[in-house]
Amino acid sequence: MRFRQTADQLIPELAGHQQRFLIGGVALLAVSAAGYFTNPEMFFQSYLMGYMLALGATLGPLALAMIHQLSGGKWGVVIRRILGAASRVLPVMTLLFIPVIVGMPHLYHWSHADAVTHDEVLTHKSLYLNPAFFIGRAVLYFVIWNTLAFLLNKWSLEQDQNGDPAIAKRMERLSAGGLLIFGFTMTFAAFDWLMSLDPHWFSTIYGFLVMGGQGLTTMALTIIALNWLSKREPMNTAATPQYFHDLANLMLAFVILWAYFSFSQYLIIYAGNLPEEITFYTRRLDTSWNIVGQFLIVAHFVVPFLILLFRRNKRVASRLVPVAAFLLFMRLVDLFWLIAPNFREHLSVGWTDLVLPAGFVSLWIGLFIMQLRGRPLLPFYDPQFAEAVPQLADGHQAAH
């Protein structure tokens, strides 16, 4: 039965695409390794930027899948397999965190014992910001995230095989606690891996800002992937203009959410005007980095916001996909804005800032395709499948 066939069986060319993206990603990352020998500081800055982009494309789908398990709704049914395939890239992303640990001396000022000794603020924070505890927390984060991803994907596969309705309740219960734990751990991971690049500065909303960016990355990638798959069955029947409209509304919501968190952080710090809080903005707004900040306001918020207000732009994939692709590029610009000014007094872009993220993107797409290939493209046994895709549900029941 075609309803039971995997993506690999329905789309044989996936294997070739997987190979090309994996080879391209490995090649770009290998070329980027030359940057380690010529300028290790910039190499690790670029690596962290590319890594956080790919990690957001992996963890965001995991969080969104748990949100759908709790909230229900038609919007998450057709993209269930896309979210699952993206979250199953996590074991590789876990291994790719090792270079960040290796690059700690080049990235994190607080990792130098002599710097801590001569800095009162770092001395005060040393119980939390020290290499051993940093690594220990990272291990804990990845154990929790991998466990959540493993269980949700394992149970989803079992649901595909036997259609047991109890599995849906099991995934719902896991998601209830898992989403709370994810938010807590991702907040601290954002503090550890990004905010502590400047250990003298802090923001309590920073974790929400990073997670909002991950949600936007997820929606943009999902729309692009669904558009490509919708040119083939059974996705050509499931991915209707109304479905793209719903996903576009969610992407618009994340655009607004990112802008809200960004402005809230700025407003709170501006109102307080405390020396220990304003360094983030003085470093970025009183220098040539101000250009990037203005570009983010216009291109990351104003332009996509105005485009996504119009109904036709959200229902026509040929109009929606370029917006999603552009937002993915802006996610990279945002990470560049968060990371690079901590190390560079003036705006500058190195070759590794371009090649390393491109390598991560290519590698991630290859791994995503690999995970997508082995399962059916639609969750036919999902309790909400008949409501979400009635045009396929009847045919599936008859075939079954």
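Helices α15 (241-272) and α19 (residues 317-339) cross in a left-handed sense, a crossing being left-handed if the near helix is turned anticlockwise from the far one by less than a right angle, and right-handed if clockwise. This is a predicted model, in which local features need pLDDT of at least 70 and side-chain atom pairs count only at pLDDT 80 or more, while totals for chains, interfaces and linings use all residues. Residues are numbered from 1 along each chain as its sequence is written, and side-chain values use heavy atoms, with hydrogens and water left out.

**Packing of α15 with α19**

- The axes of α15 and α19 lie 12 Å apart at an angle of about 25°, where axes are lines fitted to C-alpha atoms, for helices over the stretch in contact, and angles run from 0 to 180 degrees between N-to-C directions.
- The two helices α15 and α19 are therefore roughly parallel, given that angles under 35 degrees count as roughly parallel, over 145 as roughly antiparallel, 65 to 115 as roughly perpendicular and the rest as oblique.
- On the α15 side the contact (heavy atoms within 4.5 Å) involves Phe244, Ala248, Met251, Val255 and Trp258, and on the α19 side Ala317, Leu320, Val323, Ala324, Leu327, Arg331 and Asp334.
- By class, the contact of α15 with α19 has 10 nonpolar, no polar and two charged residues, where Ala, Val, Leu, Ile, Met, Phe, Trp, Tyr, Cys and Pro count as nonpolar, Asp, Glu, Lys and Arg as charged, and the others, Gly among them, as polar.

**Packing of α4 with α19**

- Helix α4 (residues 40-71) also packs with α19, their axes coming within 10 Å and crossing at roughly 135°, so that α4 and α19 are oblique to each other.
- The crossing of α4 and α19 is right-handed, and in it Gln45, Leu48, Met49, Met52 and Leu53 of α4 meet Leu328, Arg331, Leu332, Leu335, Phe336 and Ile339 of α19.
- The residues of this contact of α4 with α19 comprise nine nonpolar, one polar and one charged.

**Packing of α5 with α11**

- Helix α5 (residues 80-87) packs against helix α11 (residues 131-162) at an angle of about 140°, with the axes 10 Å apart, which makes α5 oblique to α11.
- The crossing of α5 and α11 is left-handed, and Arg80, Arg81, Gly84 and Ser87 of α5 make the contact with Ala149, Asn153, Ser156, Gln159 and Asp160 of α11.
- Here the contact of α5 with α11 divides into one nonpolar, five polar and three charged residues.

**Backbone details**

- Most residues other than glycine have a negative phi, and most peptide bonds are trans.
- The peptide bond from Glu233 to Pro234 is cis, with omega near 0°, and Pro234 is found in the loop between α13 (206-229) and α14 (235-238).
- Asn273, although not a glycine, has a positive phi of about 55°, and Asn273 lies in the loop between α15 and α16 (275-285).

**Confidence**

- The chain has a mean pLDDT of 92, with 97% of its residues at 70 or more, pLDDT being the predictor's confidence in each residue, from 0 to 100.
- Over residues 396-400 pLDDT stays under 50, and for these residues the model has seven contacts beyond four places in sequence.
- Where pLDDT is low, the predicted coordinates should not be read in detail.

Notes
Helices (H or I, at least four residues) and strands (E, at least two) are DSSP runs, numbered from the N terminus.
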